[in-house]
Each structure stands twice: as C-alpha cells, then as structure tokens.
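Please read this report alongside the sequence and the model.

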Amino acid sequence: MRKYYKNAVKKIVKKELEPYFLLFLLIGCILFIFSNIGLYPLIDIDETRYVNMSKYMYLTKEYITPMLNFEPFLEKPPLYFWLNSLSFKLLAEQSLFASRFATALVSTFGVFFTYFFAKKITNDGLYGFLCANVLLASAWFLVFSHVAILDLNFMVFSMCAIYCAVIPLFEKKENPKKVYWYLGYIFCALSILAKGFIGLAIPCMVVFFTYLVFGKTKELFKPIYIIPGIILFLLIALPWHILIYKAHGQAWVNMYILKHHFARLLNSQGLGRKQPFLFYVPILILGLTPWCFNFVIVLIRDTKRTIKKIKASASIKEFFTFDSVDKKIMTFAYIYFFSTFLFFSSASTKLPPYILTVFPSLSLIVGNLWYRLIENKENKKEIKISSYINSILFLVISFLGLIFAFVYKSILPSNIEFYINDATGFAIPALVYVFIVSLYSFILIKKEKFVSVFIMHLALMLGAVYVTCDFGIPYYTSFAQDELEEYAQFINQQKNSLIVTYGFSTKYSILNPKKKIKYIVATNKDDQIELMKFIKKNRKKNVFVLTRTKNNDLENRKIFKKVKEGKVYRIYVDNLR
C-alpha cells in the first residue's frame with residue numbers, strides 16, 4: 001500500500017513538472033541556438049554557397065531548380081532552399097539571422113520531438129527531458145544547428161520518420177498507431193526532399209531491422225498502414241521529382257541519381273572524398289562531447305551483458321525476448337545507432353556532417369543512463385566513472401591550454417605566432433571557465449550530486465557555444481572569409497564590374513545572387529590563357545581578379561594593377577580598357 005501511494009505521488013509530481021520541462025527546453029533552445037545564430041559571418045564554402053542559392057531562389061521565385069552562380073544546381077533536393085526562402089519572406093530580411101533561422105527552427109523541432117518520443121514510449125516526461133537535453137548539448141548537434149547547410153534537416157526529418165514508425169511498437173490502441181504510421185510516411189517524404197533518396201534508405205533500414213528483431217515484420221505491410229502511407233509519401237515527395245526531371249531530363253538523372261547517390265555510396269574516387277572505414281570514430285568521440293564517456297562506458301557494459309545473455313540463452317527466441325520497456329528502448333536505440341553508423345562507415349564517400357544522423361540514437365542511450373540513475377538510483381558506478389574521466393580530461397586540457405597561452409611566444413616561430421596573438425583575448429577566459437566548471441563538476445561527482453553534474457555538462461556546452469559564436473568563428477573568418485566578403489562588396493560597388501576568382505582550391509566561398517562570378521582554378525598555364533581570354537572578351541568592363549596573396553602568377557604582369565591586399569587575398573584589376 002505504501003509503495004502504491006509513493007508511486008501515485010511520483011506520477012502527480014512528474015505530471016506537474018511537464019510544463020516546466022517544456023519551458024526549460026524552450027529556454028535552452030533560445031540560449032543554445034537562436035540567441036547567437038546572427039553573431040558571426042557565413043562560413044566559407046558550403047554555408048556561403050547554400051545561403052546564396054537560397055537568396056537567389058527567394059529573389060527569382062524559381063522554386064523547382066536550385067541555382068548556383070546562375071547555373072542549375074542538380075546535386076541536391078530543394079527543401080532546405082524552400083525553408084530558407086520562407087524565412088526570408090517571414091522575417092522580411094536576408095540577414096545572417098534570417099539565413100540560419102530555418103536551420104535553428106528545425107533543430108529546435110528535433111529537440112522537442114526527441115522529448116515527445118522518449119516521453120511517449122516510457123510515459124515519463126523526465127526521460128524525454130533528459131534525452132532532449134543530451135541531444136541539445138551534444139557538440140556535433142550544436143555545430144550543425146548553427147550552420148546553414150542541409151545535414152541538420154536530414155537528421156531531424158529522418159529521425160522523426162523513424163520515431164513515428166517505432167512508436168506503434170509501444171502503443172496498444174489501433175487508432176493512434178495509424179496516425180503515427182501516416183506521420184512517419186510524411187516525415188520520410190520530407191527527409192527525401194531534405195537530402196535525397198538516402199532520406200528513404202535510412203528510415204527504412206532502421207525501422208525494418210527494429211521490427212525484425214522485435215518479431216513484428218508483418219505489421220510493416222498491413223494494408224491499413226502501408227497503402228494510405230505510400231499515398232501520403234508520394235503526394236509530398238513525387239511532384240518535385242517529376243517537375244525537375246521535366247525541366248532537365250537526363251542531365252538531372254546523371255547528376256542527382258547516378259553521381260550524387262550511387263557514386264557517393266559505391267565509388268567516390270571521382271569525388272575525392274574516399275576515407276578509411278573508421279573515419280567517423282574520432283568524429284563521434286569529439287562530437288558527443290560532453291557525453292562521450294557516458295556512452296563509451298554504457299556501451300562496454302551492455303556489450304558484456306549481451307555476451308553473457310547469448311551464452312545463457314537456450315535458443316535465439318529466448319535471446320530476443322524483451323520483458324521490459326527499458327530493454328525495448330535500448331535495443332531499438334542500439335539498432336538505430338549501429339545500422340546508421342555502419343551504413344555511413346561502409347559508404348565510399350565520407351564527410352563529417354553525415355555522421356550527425358546517429359546522434360538521436362546516442363541521446364536515447366545516454367539519456368537512459370541518466371534517467372535510470374535519477375529514477376531508480378541505478379548506473380551510479382557508470383555515471384561516476386565516466387563523469388570523473390570527463391572532468392579530469394577537461395581539467396587537464398584547460399590547464400595545459402592556459403600554460404600554452406602564456407608561453408607560446410617563446411616556443412613558436414613568428415609566422416605562426418601571428419595567428420595566435422589575437423585569439424588569446426578570448427581563449428584565456430574560455431579556458432579559465434572550462435577549468436572552473438570542470439573542477440566544480442569533479443567536486444559534485446565526489447559528493448554524488450549527479451543532477452548537478454548533469455547541469456554542469458549543460459553549462460560547459462553553453463559556455464562553449466557563446467565563445468565559439470561570439471569570438472571563435474569571427475576570429476577564424478577574419479583570416480579568409482571576411483576579406484572575401486569585403487572585397488566582393490567593394491567590387492560590386494564599382495561601375496560595370498565583373499568578378500573573377502583565380503587560384504582558389506575550392507569554389508563558391510563568395511557568391512552574389514545578383515551577379516555571376518567567373519571561377520578559374522589556376523592549376524596550369526591553360527588557366528592563365530583562360531583568364532586572358534575572359535579579360536579580352538570583356539574589355540568594356542572592369543574585370544577584377546580575386547586571388548590569394550601567396551599566388552604570384554599575376555604579380556609581375558603589366559596587364560594587372562593591384563587594388564587591395566589583405567592577410568590572405570589580393571584584388572587586381574585589368575589595364576586593357
């Protein structure tokens with residue numbers, strides 16, 4: 001009887017706490033994401049490219065074919081550009097904040113959907129709250145919630161598709177099951193429009209393996225779910241694919257389907273992005289900061305438990321028996337993690353943003369570790385050891401960083417010292433902050449005040465976000481991107497001007513949605529000939545050439561006059577007029 005009343009009180013307290021959970025998450029998203037997305041310049045290459053493409057779409061109202069530098073860009077689907085164009089429309093501006101607003105909004109939606117899913121499958125808002133905070137305060141999630149590129153949209157919509165398809169495994173009533181299945185198909189369609197056919201492959205793979213392990217594969221093909229679901233999916237995903245094919249035909253098939261789907265997966269030699277199988281391991285360790293040691297220790301523990309269970313099981317059926325909601329959650333989370341991690345690790349093309357897709361599963365695993373501690377006093381040993389390692393590591397790193405900040409001038413050559421001088425102004429306070437938070441966390445661990453330790457993890461990452469956005473990224477862009485933007489603006493203000501970039505290793509660090517830019521890679525003499533032909537062809541215009549300061553191909557040629565020179569880039573203008 002006493003236990004009954006205790007549980008009843010617990011439920012009432014938790015129900016009353018739910019509005020506070022939601023309010024805390026909202027404040028967290030504002031502090032971690034929205035409050036600083038307009039504080040730093042566009043980061044070169046991808047962000048600059050995609051934001052300028054969005055501006056072009058918004059200005060021209062061309063919503064079917066994304067355009068890059070006034071040419072069709074057939075590599076990617078349009079959802080990211082649609083959302084950005086909508087942001088420009090709603091906010092009535094094309095500012096840095098507006099350029100990242102859609103990404104921040106989708107990130108926030110992902111945090112709240114994580115809360116909803118974890119709460120739904122456990123009927124406990126505390127679990128949802130912990131999982132949502134683990135996701136929000138993971139370094140890799142924070143990086144891509146602040147950078148306007150496609151990968152965050154793909155992560156969130158594929159995650160939502162998977163979660164909606166998995167909820168029926170925990171739901172007993174038929175009508176809610178139908179709703180979640182239909183929502184799953186809708187999110188899957190959005191996932192395709194966010195990243196391409198991989199937006200279908202990842203959710204289908206995770207959901208199929210989950211239902212297979214749970215012995216529920218027949219439910220995947222129930223007509224009541226699959227027929228309306230496919231209709232909804234096609235209504236959302238198919239129209240753009242039909243329209244873009246009508247507009248560009250085989251050229252779109254070759255670029256979008258053959259090159260940027262199958263070639264990326266099977267053979268990336270032509271794309272230059274082939275990486276070793278374990279490429280994502282260090283990214284995962286760093287990206288899961290400050291929760292990485294929580295995950296490592298629970299992974300080791302659960303691996304040992306699984307081996308023991310296999311040895312003790314008399315049959316396969318006995319091994320795949322799930323007698324608690326907790327076991328079902330962790331089994332699904334590991335299926336989600338390993339299937340996506342192995343998929344991207346096996347693919348020929350590997351880029352750091354791709355692994356973002358596994359982070360929802362990691363938030364469920366790490367969130368479960370903390371939830372069982374707070375709820376039932378379990379996992380104390382795992383939390384204690386992993387938190388000690390985390391605190392000690394940050395104490396050592398911050399301490400060594402502070403020492404380096406005071407002695408680097410005596411040990412580094414002057415050409416490298418130049419790049420560090422301006423960074424010490426914000427690096428030293430940041431390192432002091434990390435040291436203090438880590439030391440306080442260490443003390444809290446010793447006192448076994450684990451809720452406070454969790455809060456210190458959040459505080460550590462919040463400080464990291466503000467230092468990075470307010471100082472770190474602006475410092476980084478001051479050595480390249482700031483000059484490009486400044487020089488491009490200067491050239492645009494000149495009458496009858498054209499921009500040529502010469503000798504850039506990568507294209508599209510600068511773009512102008514109102515003026516085409518000529519890109520010349522400058523790898524051989526033929527590129528110099530191409531530059532001269534372009535200048536002679538446009539004699540009636542002012543042709544400004546942007547190049548790196550270390551590139552001296554144009555320095556001693558009388559045809560060119562130097563206009564500006566900075567840390568990294570120069571501007572020349574031709575004298576042929």
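The sections below go from the basis of the model to its helices, its sheet and its loops.

## Basis of the report

This is a predicted model, in which local features need pLDDT of at least 70 and side-chain atom pairs count only at pLDDT 80 or more, while totals for chains, interfaces and linings use all residues. Residues are numbered from 1 along each chain as its sequence is written, and side-chain values use heavy atoms, with hydrogens and water left out.

Helices (DSSP runs of H or I, at least four residues) and strands (DSSP runs of E, at least two) are numbered from the N terminus. Axes are lines fitted to C-alpha atoms, for helices over the stretch in contact, and angles run from 0 to 180 degrees between N-to-C directions.

## Helices H7 and H8

Helix H7, residues 151-166, packs with helix H8, residues 174-195, at an angle of about 160 degrees, and their axes are 7 Å apart. H7 and H8 are therefore roughly antiparallel to each other, a term for angles over 145 degrees. Their crossing is left-handed, meaning that the near helix is turned anticlockwise from the far one by less than a right angle.

The contact (heavy atoms within 4.5 Å) includes Phe154, Phe157, Ala161 and Cys164 from H7, and Trp181, Gly184, Phe187 and Leu190 are among the residues that meet them from H8. By class, the contact of H7 with H8 has 13 nonpolar, 4 polar and 2 charged residues, where Ala, Val, Leu, Ile, Met, Phe, Trp, Tyr, Cys and Pro count as nonpolar, Asp, Glu, Lys and Arg as charged, and the others, Gly among them, as polar.

Gly184, which has its place in helix H8, is buried with a relative accessible area of 8%; buried means under 20% relative accessible area, exposed over 50% and partly exposed in between, with a 1.4 Å probe and protein chains only. Leaving aside residues up to four places away in sequence, Gly184 touches Ala161 and Cys164. The C-alpha atoms of Gly184 and Phe233 are separated by 9.1 Å, although these residues are 49 residues apart along the chain.

## Helices H18 and H20

H18 packs with helix H20, residues 424-446, at an angle of about 150 degrees, with 8 Å between their axes. H18 and H20 are therefore roughly antiparallel to each other, and their crossing is left-handed. The residues of this contact divide into 17 nonpolar, 7 polar and 2 charged.

## The five-stranded sheet

An open sheet of 5 strands has the order S4-S3-S5-S7-S6, with mixed pairing; two strands pair if DSSP finds at least two bridges between them. Its edge strands are S4 (517-520) and S6 (560-565), each of which pairs on one side only, and the twist averages 25 degrees from one strand to the next.

Strand S7 (residues 569-574) runs antiparallel to strand S5 (residues 542-548), to which 5 bridges join it, with Val545 opposite Tyr572 and Thr547 opposite Arg570. S6 and S7 also run antiparallel and are joined by 5 bridges, and they form a hairpin with 3 residues between them. The bridge partner of Lys562 in S7 is Tyr572.

Helix H22, residues 481-493, lies across S3 (497-502), S5, S6 and S7, and runs at about 20 degrees to S7. Helix H23, residues 525-537, packs on the sheet and touches S3, S4, S5, S6 and S7, its direction making about 180 degrees with that of S3. In S7, 6 of the 6 residues are buried, so this strand is largely enclosed by the rest of the structure. Both of its faces are covered, with Tyr569, Ile571 and Val573 buried on one side and Arg570, Tyr572 and Asp574 buried on the other.

## Backbone details in loops

Most residues other than glycine have a negative phi, and most peptide bonds are trans. The peptide bond from Thr289 to Pro290 is cis, with omega near 5 degrees, and Pro290 has its place in the loop between helix H13 (280-287) and helix H14 (292-312).

Ala92 has a positive phi, near 55 degrees, and is found in the loop between helix H3 (79-91) and helix H4 (96-122); at 67% relative accessibility, Ala92 counts as exposed. Lys377 has a positive phi, near 60 degrees, and lies in the loop between helix H17 (359-376) and helix H18 (380-411). Lys377 is exposed, with a relative accessible area of 65%.

Technical notes: Parallel < 35°, antiparallel > 145°, perpendicular 65-115°, else oblique.
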